[in-house]
Amino acid sequence: MALRRPGIYKSPDELRLMVRPGVLTAEALDAVAAVIRPGVTTGDLDAVAERTIREGGGVPNFMLVPSYRHTICASVNDEVVHGIPGDRVLRSGDLVSVDCGAEVDGWNGDSARTFVLDDPDRPEIVADRRFLAEVTEEALWRGIAALAGARGLNEVGDAVEDHVESRGDFGIVEDYTGHGIGRSMHEEPPVFNYRVRGRGPAVRPGLVVAIEPMVTLGRADTVTRDDDWTVATVDGSDAAHWEHSVAVHAGGIWVTTAHDGGAAGLAALGVVPVPIA
Ligand code: MG
Ligand code: MG
């Protein structure tokens with residue numbers, strides 16, 4: 001029998017409250033997507049995301065993390081996660097993963113996308129980075145699809161790892177995991193992006209998790225830089241990061257941080273998301 005942890009399951013009323021922060025998180029990342037290009041700074045992206053969240057009636061939940069003062073994390077090239085936005089000017093060909101979250105009425109969303117900027121002078125680097133970003137996003141959707149049919153939460157990591165390995169010789173970062181999400185952005189249980197022993201908590205209505213694979217073009221080992229936040233690959237290889245918050249409810253699953261609940265991303269995988277009633 002799978003381990004039961006009653007504390008991690010939300011009520012139907014609580015699930016309904018998680019829809020709005022998810023949508024607002026998606027809108028903030030849409031706003032980032034609309035302005036990201038060579039010449040803007042990571043601080044510019046942060047300002048756009050903050051404005052979107054506040055105008056939508058939310059609070060940037062990264063600011064609720066002790067000693068973090070920004071709305072997004074922007075991690076460029078060999079940075080994996082937790083890059084601090086600021087004066088860094090984005091350049092042609094950069095790979096930028098942007099992680100963002102909104103809190104509305106005390107409930108949270110958390111999502112990340114990876115962007116690769118055009119660079120006509122370096123088509124091979126851009127192609128490698130786009131492929132990395134694509135494989136990572138595919139792995140995210142595989143993990144979400146696995147959750148839809150899973151009995152145990154650790155089936156998500158099986159699906160992520162299987163997919164990444166099927167696409168080439170990549171590293172899957174194991175130093176960080178996804179997580180439960182609800183009244184706090186980071187809650188139990190951990191969501192592994194790789195195969196682990198045991199089935200994990202039972203997947204049943206009320207479980208809401210952020211699934212967030214981090215994949216590298218080289219080795220998966222990471223180091224935290226002197227700013228105490230930025231996590232980078234030890235070998236300097238590029239890293240991508242995609243994330244969605246996903247609710248399991250009585251009718252099925254719903255990706256709260258996707259405007260369509262994940263329908264487009266899941267279409268090829270035979271999973272149809274169902275709105276939270
Ligand atoms: Mg995140
Ligand atoms: Mg997260």
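1. First, the ground rules. This is a predicted model, in which local features need pLDDT of at least 70 and side-chain atom pairs count only at pLDDT 80 or more, while totals for chains, interfaces and linings use all residues. Residues are numbered from 1 along each chain as its sequence is written, chains are lettered from A and ligands numbered from 1 in the order in which they are written, and side-chain values use heavy atoms, with hydrogens and water left out.

2. Start at the metal site. Asp 110 (OD), His 179 (NE2), Glu 212 (OE) and Glu 243 (OE) coordinate the magnesium ion that is ligand 2, at 2.1 to 2.3 Å. Donors here are N, O and S atoms within 2.8 Å of the metal (3.2 Å for Na, K and Ca), and because water is not among the atoms, sites may look incomplete. Along the sequence, the donor residues of this ion follow the spacing D-x68-H-x32-E-x30-E.

3. The magnesium ions, ligand 2 and ligand 1, are 3.1 Å apart, and Asp 110 coordinates both. Asp 110 sits in the loop between strand E6 (107–108) and strand E7 (111–116), and His 179 in strand E9 (residues 178–180), so the pair ties together parts that are 69 residues apart in sequence. The helices (H or I, at least four residues) and strands (E, at least two) are DSSP runs, numbered from the N terminus. Asp 110 is buried at 2% relative accessible area, and His 179 is buried at 7%. For the wording: buried means under 20% relative accessible area, exposed over 50%, and partly exposed in between (1.4 Å probe, protein chains only).

4. Next, the aromatic rings. The structure holds four aromatic pairs. One of them joins Tyr 68 and Trp 229 edge-to-face, with 4.9 Å centre to centre and 70° between the planes. This pair links distant parts of the chain, 161 residues apart: Tyr 68 is in the loop between strand E1 (59–60) and strand E2 (72–76), and Trp 229 is in the loop between strand E13 (222–224) and strand E14 (231–233). Rings of Phe, Tyr and Trp (its six-membered ring) pair if their centres lie within 6.5 Å; planes under 30 degrees apart count as stacked, over 60 as edge-to-face and the rest as tilted. Tyr 68 is buried at 5% relative accessibility, whereas Trp 229 is partly exposed at 23%. Ring pairs also bring in Phe 62, which forms a cluster with Tyr 68 and Trp 229.

5. Arg 204 lies over the face of Tyr 9, 3.7 Å from the ring centre. The test is that NZ of Lys or CZ of Arg is within 6 Å of the ring centre and within 35 degrees of the ring normal.

6. How many salt bridges does the structure hold? There are 15, each being a side-chain nitrogen of Lys or Arg within 4 Å of a carboxyl oxygen of Asp or Glu. Among them is Arg 16 with Asp 13, whose closest N and O atoms are 2.4 Å apart. These two are three residues apart in helix H1 (residues 12–17), so about one helical turn separates them.

7. Another bridge joins Asp 78 and Arg 225, with the closest N and O atoms 2.8 Å apart. It links distant parts of the chain, 147 residues apart: Asp 78 is in the loop between E2 and strand E3 (79–81), and Arg 225 is in the loop between E13 and E14. Arg 225 is partly exposed at 34% relative accessibility. Asp 78 and Arg 225 also belong to a network of salt bridges with Glu 79 and Arg 88.
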